[in-house]
Amino acid sequence: AVVSTQSTGEDWNRSVSVCEELKGGHYDSLIISASYDPYPVLELLWATLRPCGKCVIHTDYLSQVVACANFVNDKGCSDLSVVDQWYREIQILPGRTHPDMRMQTGGGFILSCTKLLPGILEHGSGTTE
């Protein structure tokens, strides 16, 4: 299941309708890339992800990815990781190459995890779902 939009408003309404259609399936992976808060989409679609399914979320804001990480951790996941994406544009001119002076270096954050079967004990958690 893939839900992606780069703006708000009409695209968000379209994404909600897509999410509603997707709720009936069982999927091997869930990939969310959003310029808005991905938490409601994750909350809506987590149940459609099969056990051992992979979940990947990209967002520009750390607070949003942390909220998603807490959600998946509470629901049961393994291999949970959150990474900061960093990229650097290079300006190439005749006779010289250097980093672009007006660039933004932040590329957002990526959360990835694997969904566990309900009742499986994650290493070190001390609890089951």
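**Fold, core and local geometry of the predicted chain**

Cysteine 52 lies in strand E3; helices (H or I, at least four residues) and strands (E, at least two) are DSSP runs, numbered from the N terminus. The model is predicted, so that local features need pLDDT of at least 70 and side-chain atom pairs count only at pLDDT 80 or more, while totals for chains, interfaces and linings use all residues. Residues are numbered from 1 along each chain as its sequence is written, and side-chain values use heavy atoms, with hydrogens and water left out.

The phi angle of cysteine 52 is near 75°, a positive value in a residue other than glycine. With a relative accessibility of 57%, cysteine 52 counts as exposed; the classes are buried (under 20% relative accessible area), exposed (over 50%) and partly exposed (in between), with a 1.4 Å probe and protein chains only. Aspartate 79, in strand E4 (residues 77–86), also is not a glycine and has a positive phi of about 55°. Its relative accessibility is 58%, and aspartate 79 therefore counts as exposed.

The protein chain contains three helices and seven strands. Along the sequence, these elements follow the pattern β-α-β-α-β-α-β-β-β-β. Buried residues account for 33% of the 129 residues in the protein chain. Of the contacts (heavy atoms within 4.5 Å) between residues at least 6 apart in sequence, 66% join residues at least 24 apart.

In soluble globular proteins, nonpolar side chains tend to be buried together. A nonpolar core is here a set of buried Ala, Val, Leu, Ile, Met, Phe, Trp, Tyr and Cys residues joined through side-chain atoms within 4.5 Å. The largest such core has 21 residues, and Leu42, Trp46 and Cys55 touch the most other members. At least two residues of this core are supplied by each of E2, helix H2 (39–45), strand E3 (49–59), helix H3 (62–75) and strand E7 (106–115). H3 gives the largest share, five residues. When residues up to four places away in sequence are not counted, leucine 42 touches Leu30, Ile32, Cys55, Ile57, Cys68, Phe71 and Val72.

Leucine 62 is placed in helix H3 and, at 43% relative accessibility, counts as partly exposed.

A salt bridge is defined as a side-chain nitrogen of Lys or Arg within 4 Å of a carboxyl oxygen of Asp or Glu. The count by this rule is one salt bridge. The side chains involved are those of arginine 50 and aspartate 28, at 3.1 Å from N to O. This pair links distant parts of the chain, with arginine 50 in strand E3 and aspartate 28 in strand E2, 22 residues apart. Arginine 50 counts as partly exposed at 38% relative accessibility, whereas aspartate 28 is exposed, with a relative accessible area of 52%.

Glycine 25 is situated in the loop between helix H1 (10–22) and strand E2 (27–34). Its relative accessibility is 17%, and glycine 25 therefore counts as buried. The C-alpha atoms of glycine 25 and arginine 50 are 9.5 Å apart in space, with a sequence separation of 25 residues. Threonine 48, in the loop between H2 and E3, counts as buried at 4% relative accessibility. Residues up to four places away in sequence aside, threonine 48 touches Leu22, Lys23, Gly25, His26 and Tyr27.

Strands E5 (residues 90–93) and E6 (residues 96–99) run antiparallel and are joined by four bridges; two strands pair if DSSP finds at least two bridges between them. Isoleucine 90 has proline 99 in E6 as its bridge partner. The hairpin of E5 and E6 has two residues between the strands, and glycine 95 in this hairpin takes a positive phi near 85°.
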